[in-house]
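User: I would like to learn how to read a protein model, one feature at a time. Please give me the general idea first and then the case here.

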Amino acid sequence: MSVQEYLDKHTLSRKIEDAVNAAVRAKTSDPVLFIANHMKKAVPSVITKVKARQILDSRGIPTVEVDLHTNKGVFRASVPSGDSSGTYEAIELRDGDKGMYLGNSVAKAVKNINDRISEALIGMDPKLQAQIDHAMIDLDKTEKKNELGANAILAVSIAACKAGAAEKEVPLCKHLSDLSGRANMTLPVPAFTVLSGGNHASNHFAIQEIMILPVGASRFEEALQWGSETYHHLKAVVTEKNGNMGCNVGEDGGLTPDISSLKEGLELVKEAINRTGYGDKIKIAIDVAATNFCIAGTKYDLDIKSPNKSGQNFKSAEDMIDMYKELCAEYPIVFIEDPFDKEDWEHTKYFSNLGICQVVGDDLLMSNSKRVERAIQESACNALLLKVNQIGTVTEAIEVVKLARDAQWGVVTSHRCGETEDSFISDLSVGLATGVIKAGAPCRGERTMKYNQLLRIEEELGDQAVYAGEDWRQTL
């Protein structure tokens with residue numbers, strides 16, 4: 001084939017002429033670079049390669065990382081993991097070979113990406129998120145993604161989302177906003193973990209975490225400052241009352257003093273807030289994670305982590321309600337997450353309908369659309385804790401948020417205890433305007449990078465940046 005025949009076959013003469021004309025109009029000082037970039041933009045981007053590998057999360061446990069290639073670049077994503085998979089959430093595929101990472105290796109999930117998912121997605125347009133996600137769902141053919149693994153599917157889904165944003169030449173949060181059909185983006189209020197317990201810490205505190213929310217800040221940057229200052233004041237308070245050992249941190253970065261009760265923990269946090277001088281501009285939230293200390297689904301052992309006291313002072317669900325009512329009256333608590341066992345719909349509904357604070361469903365809902373629909377119908381709670389890895393794709397995460405929105409619920413975007421250096425949930429929280437983000441303490445790199453990314457987003461949005469602030473409950 002001659003050069004002219006090649007040019008004619010691919011209509012390159014016209015494309016090159018258009019690029020040269022554009023360079024002339026732009027009066028560029030570097031026409032070769034300009035023409036090269038112009039030609040690159042003229043070619044629709046497609047997925048050319050998907051390569052996965054096994055990496056470690058923040059707990060030193062294997063997880064999946066993906067590099068998704070297009071002719072615009074390489075886009076990387078990795079997925080977090082929780083303490084354990086709930087009955088109703090998508091399945092995280094692990095090998096189970098006790099000789100490799102104590103059974104936690106994800107080599108099978110990685111192989112599924114490199115051998116099967118990659119082949120299915122080559123040539124697809126990364127802007128078409130729903131088509132990509134449904135192609136993987138169809139390839140898996142199971143309800144909970146246990147064939148390919150939700151960890152495999154989600155890593156590719158997030159990487160494709162990043163590639164789609166690059167193809168559109170917009171920030172990732174804007175691409176997510178477009179995918180969700182939202183007109184406005186909002187910087188979320190950070191729910192900083194300041195005290196850790198439950199399964200996330202080695203102390204005797206049964207409650208999973210106590211958080212602070214700087215709702216009175218004017219910008220996210222200011223909220224981050226307030227959160228950091230409160231955290232460091234809390235370190236001083238804990239040191240004074242519990243000694244330096246109390247300033248060890250849990251998996252989410254929260255401090256882990258060996259406190260004896262929820263009230264004692266709230267007193268420590270209240271004192272730290274008082275020392276900041278910000279007063280009622282900083283609110284408090286609690287992740288009870290009550291399933292972890294619920295016995296036989298009917299009684300609660302708040303001393304379950306204390307071997308000398310466990311089993312001596314059980315509380316009924318009614319006792320727990322009385323405790324929550326008392327604490328909400330005494331402290332500025334704005335939301336309580338999982339106040340009862342994950343199957344105790346009756347008491348969760350009763351407490352939610354009291355209207356004392358927002359009631360967030362985590363173990364109750366597991367980001368599962370069927371569970372969310374039931375909770376909406378029964379008015380069982382009034383906020384969704386969004387954990388994308390419980391669902392398995394970006395598209396399904398957007399759909400479950402729409403369910404919550406239509407019910408006038410609040411939405412809290414959440415990290416997991418086993419995190420990675422991926423800040424995707426930061427852009428997700430802004431693009432879907434969820435109002436609140438849980439990313440752990442203002443401590444530990446895998447946590448702070450989520451907050452630091454929100455700083456960058458706020459800076460990039462400039463005058464268009466809106467911080468949820470006092471409107472965190474419902475940013476419709």
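User: Which residues does lysine 387 touch, not counting residues up to four places away in sequence?

Analyst: First, the ground rules. This is a predicted model, in which local features need pLDDT of at least 70, side-chain atom pairs count only at pLDDT 80 or more, and totals for chains, interfaces and linings use all residues. Residues are numbered from 1 along each chain as its sequence is written, and side-chain values use heavy atoms, with hydrogens and water left out. Contact means heavy atoms within 4.5 Å. By that rule, lysine 387 touches Asp362, Ser367, Ser414, His415 and Arg416, with residues up to four places away in sequence not counted.

User: Where does lysine 387 lie, and is lysine 387 buried or exposed?

Analyst: Helices (H or I, at least four residues) and strands (E, at least two) are DSSP runs, numbered from the N terminus. Lysine 387 lies in the loop between strand S12 (383-386) and helix H13 (394-406). For the second part, buried means under 20% relative accessible area, exposed over 50%, and partly exposed in between (1.4 Å probe, protein chains only). Lysine 387 is buried, because its relative accessible area is 10%.

User: At which residues does UniProt place the feature "active site"?

Analyst: UniProt positions are given in the numbering used here, with feature names shortened, and annotations may be inferred rather than shown by experiment. The unreviewed UniProt entry places "active site" at Asp252 and Lys387. Of these residues, Lys387 is included in the lining of the largest cavity. On a 1 Å grid over the protein atoms alone, a cavity is a set of points where a 1.4 Å probe fits but cannot get out, and lining residues have an atom within 4 Å of a point.

User: Which residues is threonine 256 in contact with, leaving aside its neighbours within four places in sequence?

Analyst: They are Ser196, Ala201, Asn203, Gly246, Asn248, Val249 and Gly250. Threonine 256 lies in the loop between helix H8 (220-242) and helix H9 (262-276), and at a relative accessible area of 10% threonine 256 is buried.

User: How should I read the pairing of strands?

Analyst: Strands of a sheet pair through backbone hydrogen bonds, either parallel or antiparallel. The rule used here is that two strands pair if DSSP finds at least two bridges between them. Strand S4 (residues 189-196) and S14 run parallel and are joined by 3 bridges; phenylalanine 192 has glycine 440 as its bridge partner in S14. Strand S13 (residues 410-414) is also parallel to S14, over 4 bridges, and threonine 413 has isoleucine 437 as its partner there. As for S14 (residues 435-440), 6 of its 6 residues are buried.

User: Which elements make a right-handed β-α-β unit?

Analyst: A crossover is right-handed if, with the strands pointing away from the viewer, the path from the first strand over the helix to the second runs clockwise. Here the unit consists of S13, helix H14 (residues 424-431) and S14. In H14, 8 of its 8 residues are buried.

Terms used:
On a 1 Å grid over the protein atoms alone, a cavity is a set of points where a 1.4 Å probe fits but cannot get out, and a pocket is an open set with protein on both sides within 12 Å along at least five of seven lines; lining residues have an atom within 4 Å of a point.
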